[in-house]
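Subject: Structure handover

Hi,

Here is the structure I promised to pass on. My notes follow below it.

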Amino acid sequence: MATVELRFSALPEHVRTARLVAAAVARRAGVDEAVLDEVRLAVGEACTRAVGLHRSSGVSAPVHVSLIEEEKQFSIEVGDEAPHTVPGAKASGAGGEAEVDSEEDDMGLAVISGLVDDMEVSTGENGGLIRMSWPTTPPTAVLT
């Protein structure tokens, strides 16, 4: 199992780099060429979400991305260290800004789930993680 790890400052300009690296590693791992655009878009959306959460929460820690090549699948994990509200808990403060952030967060997750068949999201007070997976095809032997 090979893993590539990226850590980048929570700045929007670094999202493009994460997308490009993810697509290159996915291609090398054997993800179908027709799916690479979906990989690029899903990683871009997940990283943009993480950057936004870090910036709105004032978190200075880097966003982390793991690109994991397994035997028959390729997985990407995008993690943030922004505090997430626990489902059922009420957010403190005026409420208006928290509701807007929550709606944007939900929209980002909806976009990702439309691009990825296998997706898991976990959140807590110490951050969140989005794990996305795609099947890979074994390399074909070239006969000479």
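Thr136 is buried, at a relative accessible area of 13%. Buried means under 20% relative accessible area, exposed means over 50%, and partly exposed lies in between (1.4 Å probe, protein chains only). Thr136 sits in the segment after β5 (127–135). Helices (H or I, at least four residues) and strands (E, at least two) are DSSP runs, numbered from the N terminus. The Thr136 side chain comes to 3.5 Å from the backbone nitrogen of Gln73. Not counting residues up to four places away in sequence, Thr136 touches Ala29, Gly30, Val31, Glu71, Lys72, Gln73 and Phe74. Contact here means heavy atoms within 4.5 Å.

Some ground rules. This is a predicted model: local features need pLDDT of at least 70, side-chain atom pairs count only at pLDDT 80 or more, and totals for chains, interfaces and linings use all residues. Residues are numbered from 1 along each chain as its sequence is written, and side-chain values use heavy atoms, with hydrogens and water left out.

Overall layout

The protein chain has 3 helices and 5 strands. Along the sequence the pattern is β-α-α-β-β-α-β-β. Of its 144 residues, 38% count as buried. Take the contacts in the protein chain with a separation of 6 or more: residues 24 or more positions apart account for 68% of them. The accessible surface of the protein chain is about 8600 Å², and 52% of that belongs to carbon and sulfur atoms. These areas come from the Shrake-Rupley method with a 1.4 Å probe; for residues, only the protein chains shown count as cover.

The core

Which residues touch the most other members of the largest nonpolar core? They are Cys47, Val65, Phe74, Ile76, Val78, Met132 and Trp134, out of 31 residues in that core. At least two core residues come from each of β1 (2–8), α1 (15–29), α2 (36–57), β2 (63–69), β3 (73–80), α3 (96–115) and β5. The largest share, 8 residues, comes from α2. A nonpolar core is a set of buried Ala, Val, Leu, Ile, Met, Phe, Trp, Tyr and Cys residues joined through side-chain atoms within 4.5 Å.

Met132 shows the packing in detail. Leaving aside neighbours within four places in sequence, Met132 is in contact with Ala42, Val43, Ala46, Phe74, Ser75, Ile76, Val78, Ile112, Val116, Asp118 and Met119.

α1 has 15 residues. From first C-alpha to last, α1 reaches 21 Å, close to the 21 Å expected at 1.5 Å a residue. The expected span is 1.5 Å times one less than the number of residues. The buried residues in α1 are Val15, Ala18, Ala22, Ala23, Val25, Ala26 and Ala29. Their cover includes β1, α2, β2 and β3. An α-helix has 3.6 residues a turn, so residues three or four places apart point the same way. Just after α1, Gly30 takes a positive phi of about 105°.

α2 has 22 residues and should span 32 Å at 1.5 Å a residue; its end C-alpha atoms are 31 Å apart, which agrees. Buried residues of α2 include Leu36, Val39, Cys47, Arg49 and His54. Gly58 follows α2, with a positive phi near 70°.

Salt bridges

How many salt bridges does the structure hold? There are 6. The criterion is a side-chain nitrogen of Lys or Arg within 4 Å of a carboxyl oxygen of Asp or Glu.

- Glu33 pairs with Arg27, with the closest N and O atoms 3.0 Å apart. Arg27 is partly exposed, at a relative accessible area of 41%.
- Asp80 pairs with Arg49, with the closest N and O atoms 3.9 Å apart. Asp80 lies in strand β3 and Arg49 in helix α2, so the pair ties together parts that are 31 residues apart in sequence. Asp80 is buried at 4% relative accessible area, and Arg49 is buried at 9%.
- Glu70 and Arg131 meet through their side chains at 3.7 Å, N to O. This pair links distant parts of the chain: Glu70 is in the loop between β2 and β3, Arg131 is in strand β5, and they are 61 residues apart. Glu70 counts as partly exposed at 25% relative accessibility, whereas Arg131 counts as buried at 19%. Salt bridges that share partners join Glu70, Glu77 and Arg131 into one network.

Best wishes

Terms used
Polar contact = N/O pair within 3.5 Å; in protein donor to acceptor, adjacent residues only side chain to side chain.
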